[in-house]
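Student: Please take a close look at one part of this model, the place where the chains meet, and tell me what lies around that part. Plain words will do, with the cut-offs for each term.

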Amino acid sequence: MAMKIGADQFKERVDKGIHDSFMRGAVAGAQDGMSTKRRNATEELGNWEDWRSHGEEIRQHVLENLDYYLEQLSENVAKRGGHVFFAQTKEEANEYIRGVVQKKNAKKIVKSKSMVTEEISLNTVLEQEGCEVIETDLGEFILQIDDHDPPSHIVVPALHKNKEQIRDVFAEKLGYEKTSKPEELAWHAREMLRKEYLSADIGITGCNFAVAETGSFSLVTNEGNADLVTALPKTQITVMGMERLVPTFEEMEVLVSLLTRSAVGQKLTSYITVLTGPREELDVDGPEEFHLVIIDNGRSNILGGEFQSVLQCIRCAACINVCPVYRHVGGHSYGSIYSGPIGAVLSPLLGGYDEYKELPYASTLCGACTEVCPVKIPLHNLLHKHREIIVEKEGKAPISEKLAMKAFGLGAASPTLYKIGSKIAPAAMNPFTVGDKISKGPGPLKAWTDIREFPAPNKERFRDWFKNREKGDKK
Amino acid sequence: MMTGTIQNRDKFLNQLANRLDRPRKSTSVERPKWKFQPQLEVLKGASQDELLAVLKEQCKVIHTSITVTDSKNLSSTINEVVSNYGGGPVVTWKDERFSKWGLDSLFKQEWPDQKIDLFEWDLSKGEENITKAEKANVAITISEITLAESGTVVLFSDQNKGRTVSFLPATFIALVPKSTLVPRMTQAAQKMREIHQTTGHVASCINFITGPSNSADIELNLVVGVHGPVKASYIVINDL
């Protein structure tokens, strides 16, 4: 699966999302639940703003010195016997990983959840190599056996599915015969996946935070799947976005704390694992061979520019959990594995405006995302910046907006035209007006009235009302 | 240990320096003096007893049972906790502290007499360690650093302390000397850094474990026991 998901146009995706009532209910419930947990977990600290400021200063310092810290990281990984490959493109990354797979003659690969491997379509490449690729995170596992249904949330990828749907998929694909109780479904997955960990040739993980000073990296899960992925297969490959690192364990700790509280409202998740190199000489478990693949894939174009702060992201999804637009349209509407406000900022940067020009408009600019971001990314300002670029430099503003703006520009530029325009508005809209509402608007209004009513122009203009009021004959 | 390979680095890092509009930085970059350090304020100045009280409360949140005992009663406490979980097979690290804490008679006499199978990690036995851990009902480990705030035990792997011991068995038990209690992850990170700076070494696997394995991936319902242990228990040793 690439960063782009589905072939539908933006409007069709949104239409599907808006009419999927289970998904909308699930998303609304999840948003409320997760936001409440996040709020409790952050408020109990009493000085959450200081935590956010510390997160921000750490991330900004790393980005400003990214070349230095990546060099230090790679030196220290190599010192511990690990192999480091710097990949500027996803093709380079996939080619290197393909090489490792071939050298190891690997047939079975277990993976723990990783957005960056989704971004580079690694699974497709591995499957073309003839490998069986098994996602071990429960949510990812569910999506994978359901013919690669795309994820709809960064942290809870199968959020859009209910347990009956999951039971049906398990029954069809895995011969599952029990009920839709989550415990029974999870236990079935556990028993299947145990065998896979023990027989896999390679384990592949993402990376939450690498630590430059020691050449370590951390993995954050509740299930413990990443631990089995990295403990049992003989070869381990870890793929990291180039910005996901910190100077020392001390900063790692702060970012992990920000992540777990913001993502799931936990003080820490069940398992936080810090791995350094392959197993040591006499160790019995852990990988014999370790490869770290550091990926640019468009990130360096963001560095040094006006969107640099988006690289501060630690993938907690707090912004997704408070977004009113995500609440209504769901994750798949974004057409990218990165959904919600962070997705609307990041996807056009990594995937281009041609593909993702609508996303910066899928926002009310209410700023709730910016308020909850644990590393203080000014998300709604960045969305606004995207819109400026789309309109001014790319000339890609939605056509109805262009027409409306042109008309308004003409009309507002001349006092006479403005006067006439506002005077004839009620009459012009009359054919479309029922009571004081327009529910089937023409032209640029149509997009609005497709989903809600628009108030009809008032018969009395503000200017007239004001004039009359000044005269004293109205209250 | 053989040094690993590094490929494609210069081209990649030059591009970053280029984007940042400055020459490449290869020499030491000083970590700035951070303006904010809120992590140092959490449970600042708390006594070991206060930290223990926090740990106990937190265990309720993380689905973990906690028993407080002393070294005199450690053996009988472990016996009781293990039998409550249905007995063996038990797997442990090879760690001289078990013997030092008076557990030899439990491990080497009482349990074998009761036909409770105990397997001690043994590097000479290779893969058999993993097979045994996979079949075990209970794992017994020792926390090196214990985080009161989050209810977390910290384990360092080595040749005698396999990392899979904490993940493959159905039940996870950590022995927690009270002296290992610290306020939060901050102090553990400082200690890890200090160990690295004094010995030049970091354990290949450091686990921060907070209760049993769980998932909320199905309709956000919490399921305890997904890939790793289904149950978790801490035994705090008051006088250690």
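Tutor: In chain A, the centres of domain 1 and domain 2, taken over C-alpha atoms, are separated by 51 Å. Domain 1 covers 10-300 and domain 2 covers 399-471, with bounds that come from an automatic or database domain assignment. This is a predicted model, in which local features need pLDDT of at least 70 and side-chain atom pairs count only at pLDDT 80 or more, while totals for chains, interfaces and linings use all residues. Residues are numbered from 1 along each chain as its sequence is written, and chains are lettered from A and ligands numbered from 1 in the order in which they are written.

Now the meeting of the chains. In chain A, 85 residues are in contact with 72 residues of chain B; contact means that the C-beta atoms, placed from the backbone, lie within 7 Å. The most on the side of chain A that touches chain B comes from helix α4 (residues 66-79), which gives nine residues. Helices (H or I, at least four residues) and strands (E, at least two) are DSSP runs, numbered from the N terminus. By class, that side of chain A has 36 nonpolar, 29 polar and 20 charged residues. Here Ala, Val, Leu, Ile, Met, Phe, Trp, Tyr, Cys and Pro are nonpolar, Asp, Glu, Lys and Arg are charged, and the others, Gly among them, are polar.

Strand β1 (residues 83-87) of chain A and strand β1 (residues 6-7) of chain B run parallel and are joined by two bridges; strands pair if DSSP finds at least two bridges between them. A:Val84 has B:Ile6 as its bridge partner, and A:Phe85 has B:Gln7. The whole open sheet has seven strands, with parallel pairing, in the order β3(A)-β2(A)-β4(A)-β7(A)-β10(A)-β1(A)-β1(B). At its edges stand β3 (132-135) of chain A and β1 of chain B, each with a single partner strand, so one side of each has no neighbour in the sheet.

For the setting, chain A has 23 helices and 13 strands. The C-alpha atoms of chain A fill a box of roughly 95 × 55 × 45 Å along the principal axes.

Methods: Contact = placed C-beta atoms within 7 Å.
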